[in-house]
Amino acid sequence: MPTIAAQLDRIFRSAIQDAFNMASDPQIGVSQNDKFGDYQSNAAMGLAKLMAEKTGTEANPRAIAEQIVAKLKLGDVATEVTIAGPGFINVRLSPVWLGERLNEIFEDARLGIAPVGEAQTIVVDYSGPNIAKEMHVGHLRSTIIGDAISRVLEFQGHKIIRQNHIGDWGTQFGRVVLAIWYLVLADHLNQVEALNRLVAWMKAASDAKDEAAKGEVVHAVAELHRYFLSQDPDGSVIFEPKLSSLKLKLGPLEALYQFVTAVTDSKAAEGEMIGENPLASLPRLFTTFIQDPKNPANKQEELAWRKASEATLETCNEIYTKLGVKLLPGDVRGESAYQDDLPGVVAELKAGKIAVESEGATVVMVPGYEAPLMIQKSDGGFLYGTTDLAAIRYRITKLGAQRIVYTHDSRQQQHFAEVFWTAKQVGWAKDVTLEYAPFGTMLGDDGKPFKSRSGATVKLKDLLDEAEERALKAVTEKQPDLPEVRRKAIAHSVGIGAVKYADLAKDRVSDYVFSFDKILALDGNTAPYLQYARARVRSIFRKAGDAEVGEIVLESPFELALAKHILRLGEVIDQVARELKPHHLCAYLYELAARFSGFFENCPVIQSAPALRESRLALCDLTARTLERGLELLGIEHPEQM
RNA sequence: GUUCCCGUAGCUCAAUUGGAUAGAGCGUCGGCCUCCGAAGCCGAAGGUUGUAGGUUCGAGCCCCACCGGGAACACCA
């Protein structure tokens, strides 16, 4: 069944055609105020202006509205059509017709929402964590929003290809390899404690911004480094043999990675020589090794990099599972996957005269931007823009993408604008829609970026754990008699759902303030409220026993208000898909729960006479199924009982 | 310096992308449990949409200038 808005669009469109012999958008919208009607067309005012411009004489919008209304073939859809204000055409839908529509969608698992006519292949690029770093709250929004958008587009019937463009390449890998080298050597040479002491010392010196102390640490690190090197000069004695059997864990790796970064970035590292190189240059050295991974001489570096990737992805997958996000290991195609394509990308851009040489580097001058998009450094190295362009080309030519959606934070706005422009200019994305769905920062109660009390970035896992713990506390308080397994399962659904919903319910473009108390509240636009509303509807059926569900007949205004809203799900899904903004669906579900409350308070179900009871039970069932479908499209669970 | 995003009730957020009287929740005040789940529901108070112009039948939304907050800007990703 087409949406009501779509049906009215068609009817009004042909009425305008009949009246004025012209094609025009009838501007169908839902009435804001119930007293006007249910839907309205705002076309008359625009048409009046258009005609005035054409003929040079004044046109009265109300008269135009009357001519449209005269041609309307609404059949049994509406009971009332009125013209109001400057020329609004208000339509009140027929309760009988609405009842028929509900009975029609009742039989349909998709709730009457037809798949789109022309299915597209859409790539959705989201999450994108970095290797050797645990996911933190900064990755939450991309992961959650990207997942919800994917689900909605998929439900519409599009072919969705999820792409996890992980940060698994680049100059930072020298540091990662160096960190693993320290890890392995320290372990084998009984220097773990010594290394840990240095790590703690460096952190203290960095926190205190004490340059002199940092210099001392760097000196000590260099000493340990030289000792390691003396025991295993080319990695063949300890590093390589131990590497293949190494069980690398992300936690220790990340700590050591940060340590290596702090050490090699410090000024003192320039003065500390390791063989022919200063300590600071070692990461760059490893980076050059790793950029030739197929060379047998670089086997150990390549293996270390792979270990780091595996350890990171393992942890990410745990998070994805916990979040109930539909990102699978097979969706991972990170920056490293495009390395072979980069020279070709640059060559093609140069051949097309889109990229030019500038100060020894290769850049694309994008109109409107002062800074160009860099695609090759003067030393021949490539940049993330190059990788992004290679990914676009791959997605279009190999994956057959007709639309590519990026959910990444708004700081990348300029970067994506330049990359998209370049992809269009070179011709790869000629008939492809490239869309950037940016989002703002997650803030703490203080209005500053969300951090722990000590000021550190909050690990995503810790945030989710706390949400579940708080939810468990609430469940235990309200339902102490439930067995612990059940309570934990509910707490998982509620806690994780609350975090996800809080993120999805806000317009993604602006920053938003995160507060555990608010997102877990049972009042207001929260996941627990919707989950509760749905559990409450379902409980009616437990109470009703074997009562039958029957034909829906709408009489009470509360039934009508609920019915009209249920029938709007398809319109809202269209809107979410068009704008890539899941918060419209959240607002819809919240309104649905509110209208159900009105119905529930005023319309007895079980105690009613058989025919009415059957009708109202069917309405309850449709409400529950709409809530369930909506929550599923957001990626949020709905426990049977709370 | 250039470019971009955001300023809406005390607080957290909406407003069908230019439509009618700017809506919710929290908080405040007042009601509702012999009654289908009170983790709930109903009602009241609360606004010069940062400021000042402009565009038109109509502006929270578009244009201009300010004010305030945030961000990105050549060899990191």
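Predicted model: local features only at pLDDT ≥ 70, side-chain atom pairs only at ≥ 80, totals over all residues.
Reader: Is M51 buried, partly exposed or exposed, and why?

Author: M51 counts as partly exposed, because it has 18 C-beta neighbours inside 10 Å, and a residue needs 20 or more to be called buried.

Reader: How far is M51 from F20?

Author: Their C-alpha atoms are separated by 9.9 Å, and the two residues are 31 places apart along the chain.

Reader: OK, zooming out. How many helices and strands does chain A have?

Author: Chain A has 24 helices and 15 strands. Its C-alpha trace spans about 90 × 70 × 40 Å along the principal axes. Of its 642 residues, 43% count as buried.

Reader: And what domains is chain A divided into?

Author: There are domain 1 (4-93), domain 2 (173-316) and domain 3 (460-634). The C-alpha centres of domain 1 and domain 2 lie 70 Å apart.

Reader: Let's look at the sheet with β1 in it. What order do the strands have?

Author: The order is β1-β2-β4-β3, in an open sheet of four strands with antiparallel pairing. β1 (28-30) and β3 (78-84) are the edge strands, each pairing on one side only. From one strand to the next, the twist averages 25°.

Reader: How many bridges join β1 to β2?

Author: Three, and the two strands run antiparallel, with β2 made of residues 39-41. One pair you can find on screen is V30 with its bridge partner Y39 in β2.

Reader: Which helix lies across β3 and β4?

Author: That is helix α3, residues 61-71. α3 runs at about 160° to β3, and β4 takes in residues 88-93.

Reader: What about Q27, where is that?

Author: Q27 is in the loop between α1 (4-20) and β1. Its phi is near 50°, which is a positive value in a residue other than glycine. Q27 is partly exposed, because 17 other C-beta atoms lie within 10 Å.

Reader: New topic: do β5 and β6 run parallel or antiparallel?

Author: They run parallel, joined by five bridges, and β6 is residues 159-163. Within that pair, I122 stands opposite I160 in β6. Strand β5 (residues 121-125) is mostly covered, with four of its five residues buried.

Reader: How many bridges do β9 and β10 pair over?

Author: Four, in the antiparallel sense, and β10 is residues 361-364. As an example, the bridge partner of E357 is T362 in β10.

Reader: Now the RNA! Which residues come nearest to RNA strand B?

Author: Those are G170, A371, D507, G524 and S539, out of the 74 residues around RNA strand B. The residues of that surface divide into 31 nonpolar, 27 polar and 16 charged.

Reader: Which helix gives the most to that surface near RNA strand B?

Author: Helix α23 (residues 583-602) does, with seven residues.

Reader: Last one, I636. What does I636 touch?

Author: Leaving out residues up to four places away in sequence, I636 touches G497, K500, Y501, A527 and L631. I636 lies in the segment after α24 (610-634). I636 counts as buried, because it has 26 C-beta neighbours inside 10 Å.

Key. Residues numbered from 1 in each chain as written. Chains lettered and ligands numbered in written order. Buried ≥ 20, exposed ≤ 12 C-beta atoms within 10 Å, placed from the backbone. Pairing = 2+ DSSP bridges. Axes fitted to C-alpha atoms, helices over the stretch in contact; angles between N-to-C directions. Contact = placed C-beta atoms within 7 Å. Near = placed C-beta within 6 Å. Nonpolar A, V, L, I, M, F, W, Y, C, P; charged D, E, K, R; others polar. Domains from an automatic or database assignment.
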